[in-house]
Amino acid sequence: MQTMQTNTSISASYDARTIFLHWASAALVVGLWIIGQTIDFFPAGTARITVRSLHILFGTILGILLVARLTWRRRGGIRLASEISGIQGQLATSVHYLLYALLLAMVIIGLACVWIRGDNLFNLITVPAFDPGNKALRHDAVELHGLVANILLAVAGFHAAVALWHHFVQKDGILRRMLPNLK
């Protein structure tokens, strides 16, 4: 059985840009999921067009943040070595890569949905439908986007639960590395 090595005096922290990109991405994912679950509660017409347009706008911002995050991680962000060894360390790394892959898939599928379905953005811009008569393609694309969003939220929830476990049970300082410095 693998044991976890922890250091109770971890002082290292991620840089401010990495922390901002992490929490902005997390907030957008949760907000987008909530909007996605409630779009159909709005009456057809201007209200629903506005909410769907906001979903598309915030999804596009999430995509831009993801590109910035991956670029920053590759070029300048602080990458702290994990204090977790063995299978748990490998699992932590795998979950991070899975989160990035799910984010990328969700954004790409979301943009594909806009193109496949065709959309009216804020009653200002019309995106023509790729194949207006193909309701099955439209349905499948939207369902896939929703499925990936649900999987992403579940994996992110697991990620958050493990971070809280480290903070409150292990008391190893791992969560503090990603908290904003409020000084």
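This is a short walk through one chain, from its overall layout to a few single residues.

Hello everyone. What you see is a predicted model, in which local features need pLDDT of at least 70 and side-chain atom pairs count only at pLDDT 80 or more, while totals for chains, interfaces and linings use all residues. Residues are numbered from 1 along each chain as its sequence is written, and side-chain values use heavy atoms, with hydrogens and water left out.

Let's begin with the layout. The chain has four helices and two strands; helices (H or I, at least four residues) and strands (E, at least two) are DSSP runs, numbered from the N terminus. Starting at the N terminus, the order is α-α-α-β-β-α. The C-alpha trace spans about 60 × 40 × 30 Å along its principal axes. Of the 183 residues, 31% are buried. Buried means under 20% relative accessible area, exposed over 50%, and partly exposed in between, with a 1.4 Å probe and protein chains only. For contacts (heavy atoms within 4.5 Å) between residues at least 6 apart in sequence, 78% join residues at least 24 apart.

Now to helix H1, residues 16–38. The buried residues of H1 include Thr18, Ile19, Leu21 and Ser25. Which helices do the buried residues of H1 pack against? They pack against H2 (46–75), H3 (86–117) and H4 (135–170).

Let me stop at Ser25, in helix H1. Ser25 counts as buried because its relative accessibility is 3%. Its side chain reaches the backbone oxygen of Leu21 at 2.7 Å. That is a polar contact: a pair of N or O atoms within 3.5 Å where, within protein, one must be able to donate a hydrogen and the other to accept it, and residues adjacent in sequence count only if both atoms are side-chain atoms. Leaving aside residues up to four places away in sequence, Ser25 touches Leu62, Leu65 and Arg69. Leu62, Leu65 and Arg69 are among the buried residues of H2.

That brings us to H2 itself. Its 30 residues should span 44 Å at 1.5 Å a residue, and the end C-alpha atoms are 43 Å apart, which agrees. The buried residues of H2 are covered by elements including H1, H3, strand E1 (119–121) and H4.

Ser53 also sits in H2. Is Ser53 buried or exposed? It is buried, with a relative accessible area of 1%. The side chain of Ser53 reaches the backbone oxygen of Asn120 at 3.3 Å. Not counting residues up to four places away in sequence, Ser53 touches Asn120, Leu121 and Phe122.

How do H2 and H3 meet? Their axes come within 10 Å and cross at roughly 145 degrees; axes are lines fitted to C-alpha atoms, for helices over the stretch in contact, and angles run from 0 to 180 degrees between N-to-C directions. Among the residues making this contact are Ile56, Gly59 and Leu66 of H2, and Tyr100, Leu103 and Val107 of H3.

One last stop: Asn181, in the segment after H4. Asn181 is exposed, with a relative accessible area of 62%. The C-alpha atoms of Asn181 and Ile19 are separated by 9.2 Å, though the two are 162 residues apart along the chain.

Terms used: Expected span 1.5 Å × (residues − 1).
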